Amino acid sequence: MSVLVFTENWDGKFKKLSFELVSYAASVAGMMNMKVTAFTIGKAADEELKELGRYGAHRVLSLVSPALEVMDNRTWSKVISDLAAKEGSKIIILSNNMTGKALAPGVAVRLKAGIGSGVSRLPVSTEPFTVYKRAYSGNAFANVVLRSEVKIITLAQNSYEIIERPAGAIPETVDVDVDQSLPATTVTSTHKQTGKILLTDAEVVVSGGRGMKSPDNWEPLVELASLLNGATACSRPVSDEGWRPHEEHTGQTGKIIAPNLYIAVGISGATQHLAGVSSSKYIVAINNDKDAPIFESAQYGIVGDAMKVLPKLVDAVKNLKK
Amino acid sequence: MNIVVCISNVPDTTTRIKFAEGSSAIDTAGIQWVINPWDELSLTRALELRDDPSSGVKKVTVAHAGPASSEPTIRKALAIGADDAIRVNCTPSDAYYTASQLAAAIGKEGFDIVICGIESSDFNGSAVGGMISEFLGIPSVSSVSGISMENGMPVITREIDGGRESVKVTLPFVAIVQKGIAKEPRIASMRGIMAARTKAVRLYEPVDADCLTEIAGFEKPAPRAACKYVDPDDPGKLIELLQNEAKVI
């Protein structure tokens, strides 16, 4: 019996999110007196797979089949359910990212498992098995009891620390039989930006709102983000106006992020916006309206004109780097 | 071709959520109930397709699992333009139970595409759409930011990390949609509100289904420390605080 953790790979590579997942799984396994099996779908190099062993995975599997090259929700869910059944795993952990959200429900139905989604802490108790999750779009948290025999947790990104616990796993590649009657998704084209820090992965995010006044004013904001090795984001009006691409929209209906540092520039802080960023560890607000609600959620604030403050911040970070 | 849009009845985002600390239910007094924002966008896109004769979409039905008290939200969806509605008369206690009810009812209806929002703004479970697909035994596509029809077949835009891809899928299927699916939610016109009164809401009784999870209690988010203000003429001070006090850069 093991805790099963799904670590997706990106072109054969893992990232911080993968190590958070394995570290979390190892801690849950510790509470249950179990071992951890980490697995990925699709080929990853042995050196990459070994990395998962550093964070507490006792077994590391890479499941391969030509039929698994494109993610089809039901095909992949079945592969995960079959593995859980074979391993006798009663706890399955996935990320609460796009892939995890796509796969967890199918696994849940196949194994009749309750899901704790967007979990941000270790289980509150193991008997009954109770997890702590985000609810009401960040306005509350809920303790949820998973009553089913098999339990699924989707872990919120950047909510658990990475802990080195070398378990010396030797990666195994497993050829899996795929139910050919299931695949129904075909990808006809892909557009992907490379070399850019993803908004959902970024530890620092600099975000602009309507207070930036014009799409032409973004240069210092982009420069600040780049100097801090961060990503850029924006509020909904900005993406609706087409000032910035819609994938930068953070907020209730946009991306939900939890960076270590979120710098909101010219963003008033409507409830809908805060729903997407309230899990950030630190929020900095820069706004010329001292009564803007964003200051209630921020730990640091500057009341001032963004166009004057941003260049000075850029200079200050440059001085820091000297 | 028929589209079923699943809608959830949730408190308006700007409503302040109140509950006794540790309580397993929120205080519903004074709450304004609305169509879940993602479901509202789903409905908008479904109606855009129906209103375009070249799409082949003829009918849009909204499906809801909930008690009679959520009828006003269903009427709102009808007023926005849905052709008819189904309601499973139950209390949607968890994702597994809710998806079981919706799948059973939708399975009895004729449909080609089921659209679900990625999550509901109350429980944030992100599970019902994917579960419906598995219960019905039909494919699903997640992270959908666009649906169009070409020669009677759906062409879907699926968001992926750092980009998007174009995906083809066989009918019938479930689309689990998010940001981008429609720009602004469609608003009900006066004529729509009048017409909604006479549109049919077909009632289904719940099937036997289990509830696998249970809310033991809600907690309020930890309060944040009061904001520390930095002089706008000396933003360098902010960088210093972020580096030495917060230790985040």
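In chain A, A:Pro128 sits in the loop between β6 (125-126) and β7 (129-135), where helices (H or I, at least four residues) and strands (E, at least two) are DSSP runs numbered from the N terminus. The peptide bond that joins A:Glu127 to A:Pro128 is cis, with omega at about -5 degrees. This is a predicted model, in which local features need pLDDT of at least 70 and side-chain atom pairs count only at pLDDT 80 or more, while totals for chains, interfaces and linings use all residues. Residues are numbered from 1 along each chain as its sequence is written, chains are lettered from A and ligands numbered from 1 in the order in which they are written, and side-chain values use heavy atoms, with hydrogens and water left out.

**Confidence**

- The predictor gives the complex an ipTM of 0.96 and a pTM of 0.95.
- For chain B the mean pLDDT (the predictor's confidence in each residue, from 0 to 100) is 95, and 100% of its residues reach 70 or more.

**Chain A as a whole**

- Chain A has nine helices and 16 strands, and its C-alpha atoms fill a box of roughly 60 × 45 × 40 Å, taken along the principal axes.
- Of the 322 residues of chain A, 60% count as buried, where buried means under 20% relative accessible area, exposed over 50% and partly exposed in between, with a 1.4 Å probe and protein chains only.
- Among contacts (heavy atoms within 4.5 Å) in chain A between residues at least 6 apart in sequence, 64% join residues at least 24 apart.

**A residue in strand β2 of chain A**

- A:Thr37 belongs to strand β2 (residues 35-41) of chain A, and A:Thr37 is buried because its relative accessible area is 2%.
- Leaving aside residues up to four places away in sequence, A:Thr37 touches A:Ser2, A:Val3, A:Leu4, A:Val5, A:Arg59, A:Leu61 and A:Glu87.

**Backbone features in loops**

- A:Lys112, although not a glycine, has a positive phi of about 50 degrees; A:Lys112 is placed in the loop between α4 and β5 (114-119) of chain A and is partly exposed, with a relative accessible area of 36%.
- B:Asn124, a residue other than glycine, has a positive phi near 50 degrees; B:Asn124 is found in the loop between β6 and α4 of chain B and is buried, with a relative accessible area of 6%.

**The second largest pocket**

- About 1000 Å³ of space lies in the second largest pocket; on a 1 Å grid over the protein atoms alone, a pocket is an open set of points where a 1.4 Å probe fits, with protein on both sides within 12 Å along at least five of seven lines, and lining residues have an atom within 4 Å of a point.
- Of the 50 residues that line the second largest pocket, the closest to its centre are B:Ser8, B:Pro92, B:Ser120, B:Asp122 and B:Phe123.
- Elements that give two or more residues to this lining include α4 (98-111) of chain A and α3 (95-108) of chain B, while β12(B) provides the largest share, four residues.

Notes:
Points joined across faces, edges and corners; volume = space filled by probe spheres on them.
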